[in-house]
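Please look at the sequence and the structure below before reading on. The briefing that follows takes up a helix, a sheet and a pair of helices in turn.

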Amino acid sequence: MARRAAFCYPCAMTKLPKIFESWFAQKGWSLHPHQQTLLDLACDKSTLLIAPTGGGKTLAGFLPSLRELANGGRGLHTLYVSPLKALAADIRRNLGIPIADMALPIRVEDRTGDTSYSKRLRQRADPPHILLTTPESLALLLSYEDAPKIFASLQRVIVDEIHALAESKRGDQMMLALARLETLAPNLRRIGLSATVENPPALAEYMSPGDHSTNILLADPGPDPDVTILETSAAPPWNGAGAHYAIPEVLAEVKKAGTSLIFINTRAQAELFFRALWMANDDGLAIGLHHGSLSREAREKVELAMVSNSLRAIVCTGTLDLGIDWGDVDLVIQIGAPKNIKRLVQRIGRANHRYNAPSRAILVPANRFEVIECRAALEAVYAHELDGEPRGTGPRDVLCQHILITACSGPFDATALYHEFRRAGPYRDLSRAEFDDCLSFCATGGYALQAYDKWQRLITRPDGTYALRDPRATRQIRMNLGTIVDTETLAVRLKNRRGGRPLGEVEESFAATLTPGDTFLIGGEVVRYENIREMTVQVTREATKKPKIAVFSGTKFATSTVLSHRVLAKLQAKDWPELPAHTADWLHLQRRISSMPSPDRLLVESFPLDSRQFTCFYGFAGRNALQTLGLLLTRRMENAGLHPLGFVSTDYALLIWGLEEITDPARFLAREGMLDGLETWLAGNAVMKRSFRNVATIAGLIEKNLPGKRKSGRQATFSSDILYDTLLKYEPDHLLMRLTRQEAMRGLVDFTRIEEMLSRVAGKIDHVHAPHLTPLAAPLLLEIGKVPIRGQAEERLLAEAAEQMMAKAGLS
């Protein structure tokens with residue numbers, strides 16, 4: 001149990017005041033056990049509440065504060081932090097109901113990037129009792145010199161959807177901010193809220209303040225959801241991610257339901273599916289589209305329609321994953337395999353957002369292999385198994401940024417700041433040498449850059465404290481706060497004399513490929529590119545041409561380790577009565593012609609095709625890791641004189657083709673020298689430069705936002721590439737270069753998944769020399785040479801080529 005705070009608001013009473021009891025009675029509600037328990041723990045230093053979606057966990061988090069403020073209060077009492085601006089606004093609306101109904105003297109406001117400058121200024125001078133914000137806005141507040149005054153009265157911090165924040169650098173930024181708040185308000189208590197946590201003790205340790213432990217409060221999980229896989233008249237295609245074959249059945253389910261959320265993993269696929277759904281929507285059902293690249297106006301229009309229950313379905317991405325109450329959703333449809341069990345559970349919880357009411361969800365596999373993956377994910381949901389990669393130590397680029405944030409608020413003592421940082425969970429094991437390394441970088445930029453005045457940012461004062469060398473630098477530092485490094489985008493507007501209505505945004509690299517007359521999809525409609533003017537893509541409506549597809553920067557999810565293991569285990573069955581006949585027959589044919597991948601051995605198939613030698617490695621390590629493995633293996637093959645021509649990877653397999661046959665795959669999979677080969681390849685590769693740009697931006701070496709203007713993506717990339725090349729030549733062991741290597745290995749390259757695969761199989765390889773293309777390898781050949789297809793003739797040729805390829809594998 002956590003230690004008791006030395007002082008807190010009058011919170012020793014565990015019962016609610018009479019006015020609260022009357023309000024609950026009027027609503028026909030009663031306190032859930034976990035809500036009462038959280039009231040009982042109100043004075044404890046730190047508590048993590050894990051409760052199902054619809055279980056009233058947000059109200060549970062606020063009840064102690066509402067009770068303590070029932071008779072009024074002075075200054076900022078409670079800070080609520082959420083990963084989404086929209087979630088903060090939604091909580092403000094929902095909190096306003098009980099406060100207004102009970103006439104409580106409590107002022108609640110939100111503060112995000114959308115808050116007006118005048119309101120933000122007023123909030124600093126006269127904070128509300130309860131402030132709702134995001135990690136970025138909290139970091140900005142802490143950078144002001146009056147932060148000690150703003151937070152002096154703070155009693156409680158509520159972190160909503162803490163599992164989502166803990167999975168990224170935004171969570172590390174938030175935990176450093178909480179450590180700062182502990183310094184400013186020593187009596188602070190914290191509450192973490194989540195519905196999906198795979199390892200509660202690890203998350204509790206992550207959010208624990210300093211030497212204090214965190215209570216873990218597990219609510220009744222409620223009934224199991226009702227999850228099924230959609231039955232369709234047409235079989236899924238062999239490859240692809242669109243699931244357009246299922247449009248008739250998806251529409252039928254939408255008609256039967258009240259409001260449906262249709263989740264798709266990427267923004268580009270969401271645009272495609274929405275358009276296909278709309279074209280087949282003969283009944284004119286009200287269907288909306290919601291993703292992060294749409295304009296704020298477009299998203300808000302859909303959100304308001306959801307709140308008023310005037311939409312029958314919303315095609316969406318992860319923007320609607322988290323706990324926003326958007327009306328009465330009674331069905332969730334997941335298009336394509338979810339790739340991650342925890343994400344699927346989170347999305348399922350959007351349906352029937354009520355306690356002890358089962359959520360209903362339907363999974364729609366996009367291709368034949370995803371039928372197996374969807375079945376494995378469904379079984380994991382019923383087994384209550386969640387996935388999640390273990391969190392490493394806190395990244396030091398975030399630490400560098402937080403040092404600069406602290407300097408903006410005033411001079412600081414380095415030793416005191418070091419001990420403050422170690423009170424943040426992710427940085428509990430931070431050594432003094434690592435801290436000093438970050439401090440030195442913030443002060444001088446490092447050995448290779450210390451001659452440049454631009455990066456001389458901190459000075460040591462006569463009393464030994466550190467301060468900003470130029471106080472005017474606070475503006476640039478504040479303008480570049482945050483850990484979200486976006487791909488550069490350009491706004492898209494309808495062309496007219498007054499600037500035009502905003503439609504959304506597309507990546508700068510995609511806009512560079514457009515010529516006047518080209519068409520593309522955005523917001524579910526086809527538009528015609530006219531020109532680029534003042535960093536804005538100007539378009540007109542064009543409904544007659546087939547569109548190009550905008551290339552959005554959304555993450556391409558790799559199948560998680562836990563889900564991959566479940567798929568492998570499922571392949572070991574003697575028969576698959578739970579799978580559709582077309583998929584079960586496919587697997588049986590694979591077993592007859594070749595072999596089936598297994599968890600503790602690596603299946604490698606070799607076969608000839610069209611005068612080329614193909615080798616397929618069934619690693620089940622995720623797309624990113626297998627792509628990295630492809631780069632490493634083809635490099636080794638080239639050195640061995642096997643003349644590889646190319647490779648393609650999916651989440652479950654890597655296919656390499658070349659002029660010579662691989663007779664001994666174990667030789668190329670040896671661990672020895674693999675990491676050295678990877679680092680040699682990475683040093684001059686675009687992957688490393690992209691990682692460096694992200695790290696350098698977060699650490700404050702590269703400024704993307706400048707007063708009155710913003711660098712274009714090309715400008716930012718150009719300056720980061722010059723810095724990278726300079727450091728690689730003159731200081732390869734620079735802090736940011738070390739962090740870049742770590743980042744690339746963990747993120748874009750995903751080398752840890754390769755290591756996990758090699759450890760799992762422990763050198764046991766089943767090398768099958770197949771007489772021809774095998775059933776499981778056949779879909780990978782359809783991935784080779786994918787290019788945008790224009791016109792029905794090309795699509796027909798592609799379909800015919802796919803049929804011929806499947807026939808060679810014994811599949812018709």
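A residue is called buried when its relative accessible area is under 20% and exposed when it is over 50%, with partly exposed in between (1.4 Å probe, protein chains only). This is a predicted model, in which local features need pLDDT of at least 70 and side-chain atom pairs count only at pLDDT 80 or more, while totals for chains, interfaces and linings use all residues. Residues are numbered from 1 along each chain as its sequence is written, and side-chain values use heavy atoms, with hydrogens and water left out. Helices (H or I, at least four residues) and strands (E, at least two) are DSSP runs, numbered from the N terminus.

**The sheet**

- An open sheet is formed by six strands in the order β8-β13-β12-β9-β11-β10, with parallel pairing, where two strands pair if DSSP finds at least two bridges between them.
- The edges are held by β8 (226–229) and β10, each with a single partner strand, so one side of each is left without a neighbour in the sheet.
- Strand β9 (residues 260–264) is joined to β11 by four bridges, and leucine 261 has isoleucine 314 of β11 as its bridge partner.
- Strand β10 (residues 287–290) is likewise joined to β11 by four bridges, with histidine 290 standing opposite cysteine 316.
- From β10 the chain crosses through helix α13 (residues 296–307) to β11 in a right-handed β-α-β crossover, meaning that, with the strands pointing away from the viewer, the path from the first strand over the helix to the second runs clockwise.

**Helix α1**

- Phe20, Trp23 and Phe24 are buried in helix α1 (residues 18–27).
- These residues lie on the same side of α1 because they cover an arc of only 100° around the axis, the arc being that of the directions from the helix axis to the C-beta atoms.
- On the face turned away from the buried side, α1 carries the exposed residues Lys18, Ala25 and Gln26.
- The buried residues of α1 are covered by elements including α3 (57–68) and α4 (85–101), where contact means heavy atoms within 4.5 Å.
- Just after α1, glycine 28 takes a positive phi of about 75°.
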